[in-house]
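Student: I have a new model open in the viewer. Could you show me how to read its strands and helices?

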Amino acid sequence: MNHMALLKKYIREKEDIDIISRGYPFVTISRQSGAGGHALARDILWEMENHAQTNELFQGWDLFDQTVCALVLQDPEIIASFDALVTEEYRSEIQQVLYDMMTGRSQQYLTYKRIFEIVRILATLGKAIIIGRGGVCVTRDIPHGIHIRLIASEETRIRTVMKEESLDAREAEKLMRKRDKARERLIKDFFNHDINDPLLFDVTFNIDTQSTADLAALIVQMIKLKAKKTH
């Protein structure tokens, strides 16, 4: 059963499913807003295609970001907007208490609990690239992970957000800072970690000095080494 089929079964049946780890590596990508997380993920998959015919390790990999959000929203117990999940909108603890008082729901905790459960399933299965969603913290105890952090200068990140969201520089900077703050709060509130702590990650890359294509080739080699150590 592939990733998607297993996850749909989990969401539909709401019970523990038999997950068998074969020790395949997985990759988590944490990134500053506008630092190219999706570009890197696509380049990793592209680089894997060059190896897939001769190495089974690089066959059957999937990218999970918006896919996780779509899966979570299939759960009728979850009441959240797709846009809020995709943009990783996250309220502070005080904001959430006020929201819960007004709506009579405690949705944020339930939503992220389901997201974290899905991320752990993906990591256990392996052959998954997981962007954001607290992936580095959720999967730290799973030994075959490779945890990447992407950073870049504010100028580079603002330009990227301007292009991706069709915004002017001022609005792009505002959105960039809002997203970064939300991601920082998520990691702090749920895991009591600082997302900017380099010790959380195996490696931190500055995309101002290295292209995502070059980084993808390097990460593929890291995956090979990780597979040798865990088999």
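Tutor: Strand β2 (residues 62-64) and β3 run parallel and are joined by three bridges. Helices (H or I, at least four residues) and strands (E, at least two) are DSSP runs, numbered from the N terminus, and two strands pair if DSSP finds at least two bridges between them. This is a predicted model: local features need pLDDT of at least 70, side-chain atom pairs count only at pLDDT 80 or more, and totals for chains, interfaces and linings use all residues. Residues are numbered from 1 along each chain as its sequence is written, and side-chain values use heavy atoms, leaving out hydrogens and water.

Student: Which residues of α2 are buried?

Tutor: Buried means under 20% relative accessible area, exposed over 50%, partly exposed in between (1.4 Å probe, protein chains only). In α2, the buried residues are G37, L40, A41, I44, E47, M48, H51 and A52. They lie on the same side of α2 because they cover an arc of only 145° around the axis, taken from the directions from the helix axis to the C-beta atoms. On the other side, R42, W46, E49 and N50 are exposed.

Student: What does E47 touch?

Tutor: Contact means heavy atoms within 4.5 Å. Not counting residues up to four places away in sequence, E47 touches A216, A217 and V220.
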